[in-house]
Amino acid sequence: MKQQQGSAVPGSSVRIDTLDGLREHLQWAIELEHATLPPYLCALYSLDPERNPEAVEVVGGVFVEEMLHLTLAANLLNAVGGRPRLDMPGMLPSHPRRLPHGDRSLELSLLPFGGEALEMFLRIERPAPPGAAAEGEDYETIGQFYDAIEQGLRHLCDRLGEREVFSGDPVRQVDAGHFRHTAGRLIAVTDLASALAALEEIVEQGEGTARGEVWDGDRDVCHPDRDEVGHFYRFQELKVGRRYRRGDTPQSGPTGEAICVDLDGIRPMRRNPRLADHAVGSAIRTAQEEFNHTYCAILHLLEQAFNGSPKLLAVATGTMFALKAQAQALMRMPDEGGATAGPTFEYVAPDLRRWSVGDSQRIVVLRDGPYIVYGGVPLRRKTKIVSTENNALTWKTGRPLKTEDTYALCRCGHSGSKPFCDGTHAVIGFDGTETAGVRPYKELQHVHDGVGISAQRVGELCIHAAFCIGRTRPIAEMLADTGDSDVRSDVMGRIDHCPSGSYSYALQRGGDVLEPDLPEAVSILEEEDGLASALWVTGGVPVLRADGQALETRNRMTLCRCGHSGNKPLCDGTHREIDFREETPG
């Protein structure tokens with residue numbers, strides 16, 4: 001789509017002539033790019049990577065670039081003052097479905113890889129003929145749709161001025177560094193030039209450069225010795241069984257080295273599966289429901305990433321590793337007629353997910369992933385102050401850390417940007433299974449009475465921060481001497497410094513528990529000698545498990561961030577045993 005500045009596609013007319021119309025079309029672009037993802041994922045996951053490495057490389061590469069295009073479309077919409085929406089029912093209508101606002105004859109289905117899937121992909125990525133008119137709706141090709149957006153941008157900039165058109169907050173732009181395995185560029189959009197570059201990136205990767213060219217202008221990241229071809233031509237290579245080489249044209253077709261597709265290395269997934277195909281509680285339906293929860297979590301995280309929390313993009317893409325495992329497990333489950341089960345890509349309403357509802361302050365444990373912190377909960381560091389004999393004395397609070405309104409904290413212990421998540425949990429296959437008990441803490445308490453104080457202890461919450469040990473003896477022994485007000489005051493102070501709330505106290509047995517006045521915050525704890533400790537959640541910020549159920553809300557609790565606790569998501573002090581440090585593990 002390399003056109004001269006100010007040029008127009010012959011025979012076209014400006015159909016986007018208001019900012020609201022432009023924003024509407026850019027939201028359609030997001031919906032369009034997303035619509036391609038479920039069909040590509042079904043085909044990709046149906047392929048045996050050992051028997052069909054070349055097909056996996058092609059389909060996987062196209063999927064990654066479609067994710068890039070989705071992000072570029074969101075950057076474009078944000079740049080012109082819009083709000084990208086992904087977590088909504090309209091993103092996941094039943095399959096088969098139409099391409100949003102496009103050619104009504106093109107039907108998208110969930111299919112295993114094969115001839116029918118390839119023909120569908122070729123229809124999706126079909127290049128616009130040279131000189132084809134721009135089409136803002138009912139478009140025949142994706143390139144013509146983006147031509148209409150380009151014309152709308154140029155027209156509005158001429159009429160209103162660039163500053164009026166590009167009124168969005170630059171902070172909402174997703175910048176480079178989040179996408180791997182593609183030579184494509186993630187462009188932050190701030191003006192007409194960067195907007196046109198983003199549109200060019202989308203169209204060239206789909207249909208090649210300058211319309212009528214096979215190549216997309218990038219080097220092939222999997223094979224740096226050769227140039228990369230556009231999506232349409234990559235699928236053409238798989239259909240014909242040969243690669244394009246220099247000198248080949250769309251008319252000649254590919255004449256290079258052979259590509260082999262092993263049809264026996266494809267899982268025979270059921271065509272367009274649906275939840276309604278199987279009884280509630282059946283193994284297949286339960287697995288499909290789990291997949292849909294994960295996929296809708298990705299949509300939710302993407303929407304958060306595109307609406308002020310761009311660092312969550314790494315969390316969203318990392319969650320796709322879990323999605324892959326769930327889809328491949330489904331495709332190993334026998335279904336009717338010799339087929340296997342498959343993912344249904346059906347929308348799960350937010351109220352059924354619970355954890356993704358609302359903007360209140362809360363912390364969500366993502367399954368096998370990080371902690372997602374909502375509502376602008378302040379994040380800071382706290383360092384334990386110890387005596388020369390290494391006895392715990394108090395906590396020193398550091399300056400607040402800069403965060404987005406919604407942010408993700410590492411739970412696996414391996415992030416390269418601790419305390420924040422960078423998606424590493426997905427790469428290493430982190431098992432974040434939650435094992436913490438759900439009995440009320442009051443039922444677990446052991447009560448120890450002193451004079452003027454009744455101490456309650458829940459051993460299951462202890463993280464061994466050592467405030468309860470005292471300089472010479474533990475609290476349990478000190479209680480015998482609490483007739484001395486100095487000893488009683490010392491015991492109270494030590495309990496107040498216990499980060500996990502394992503110890504608490506009342507003035508008498510059965511009395512009201514006295515808690516320190518702690519702010520709503522998350523603190524990154526560092527103990528003696530630079531030991532990285534737990535995440536200290538204070539002020540009654542709710543913590544929700546991965547299944548949406550809330551842990552008992554308390555004034556203080558500690559969450560594991562080394563990844564090795566036997567009481568996940570709560571900390572159990574294992575960070576001491578493994579000498580956990582904040583620097584990235586080797």
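A charge sits over a ring if NZ of Lys or CZ of Arg is within 6 Å of the ring centre and within 35 degrees of the ring normal. The charged end of R362 sits over the ring of Y374, 3.9 Å from the ring centre. R554 lies over the face of Y441, and there the distance to the ring centre is 4.5 Å. Please keep in mind that this is a predicted model.

Now the overall picture. The chain has 586 residues, and 56% of them count as buried. Its secondary structure comes to 16 helices and 17 strands. The C-alpha trace spans about 95 × 60 × 45 Å along its principal axes. If you take the contacts with a separation of 6 or more, 66% of them are between residues 24 or more positions apart.

Next, the nonpolar cores. The largest one has 114 residues, and those with the most contacts inside it are L22, Y146, I149, L153, F166 and F235. Helix α3, residues 53–79, gives the largest share of this core, 15 residues. There is also a second, separate core of 28 residues, which includes V377, V458, L551 and C562.

Let me stay with F235. Which residues does F235 touch, once its neighbours within four places in sequence are left aside? They are Y40, V58, V59, V62, L118, F121, L122 and E125. F235 has a relative accessible area of 0%, so it is buried; the cut-off for that is under 20%.

On to the rings. A pair of aromatic rings is described by the distance of the centres and the angle of the planes. The structure holds 13 aromatic pairs. One of them is Y40 with F235: the centres are 5.7 Å apart and the planes are at 20°, so this pair is stacked, since stacked requires planes under 30 degrees apart. Y40 is in helix α2 and F235 in helix α8, so the pair links distant parts of the chain, 195 residues apart. Y40 is buried too, with a relative accessible area of 0%.

Stacked or edge-to-face: what is the pair of Y407 and F420? The centres of these two rings lie 6.3 Å apart and the planes are at 80°, so the pair is edge-to-face. Y407 belongs to strand β9, residues 407–409, while F420 is in the loop between β9 and α12, so the pair ties together parts that are 13 residues apart in sequence. Y407 is buried, at a relative accessible area of 3%. F420 counts as buried as well, with 16% relative accessibility.

Back to Y40 and F235. Ring pairs link these two and F121 into a cluster. That brings in helix α4, residues 115–124, where A117, L118, M120, F121, L122 and I124 are buried. The buried residues of α4 pack against α2 (37–46), β2 (107–108), α5 (142–160) and α8 (231–240).

Last, the packing of α2 on α4. Two packed helices are described by the angle between their axes and the distance between the axes. For α2 and α4 the angle is about 145° and the axes are 11 Å apart. The crossing of α2 past α4 is left-handed. Which residues meet there? On the α2 side they are P39, Y40 and A43, and on the α4 side M120, F121 and I124.

Terms used. Residues numbered from 1 in each chain as written. Predicted model: local features only at pLDDT ≥ 70, side-chain atom pairs only at ≥ 80, totals over all residues. Heavy atoms only, no water. Buried < 20%, exposed > 50% of the residue type's maximum accessible area, 1.4 Å probe, protein only. Helix = DSSP H or I, 4+ residues; strand = E, 2+ residues; numbered from the N terminus. Contact = heavy atoms within 4.5 Å. Phe/Tyr/Trp six-rings, centres within 6.5 Å; stacked < 30°, edge-to-face > 60°. Core = buried A, V, L, I, M, F, W, Y, C linked by side-chain atoms within 4.5 Å. Axes fitted to C-alpha atoms, helices over the stretch in contact; angles between N-to-C directions. Left-handed = near helix turned anticlockwise from the far one by under 90°.
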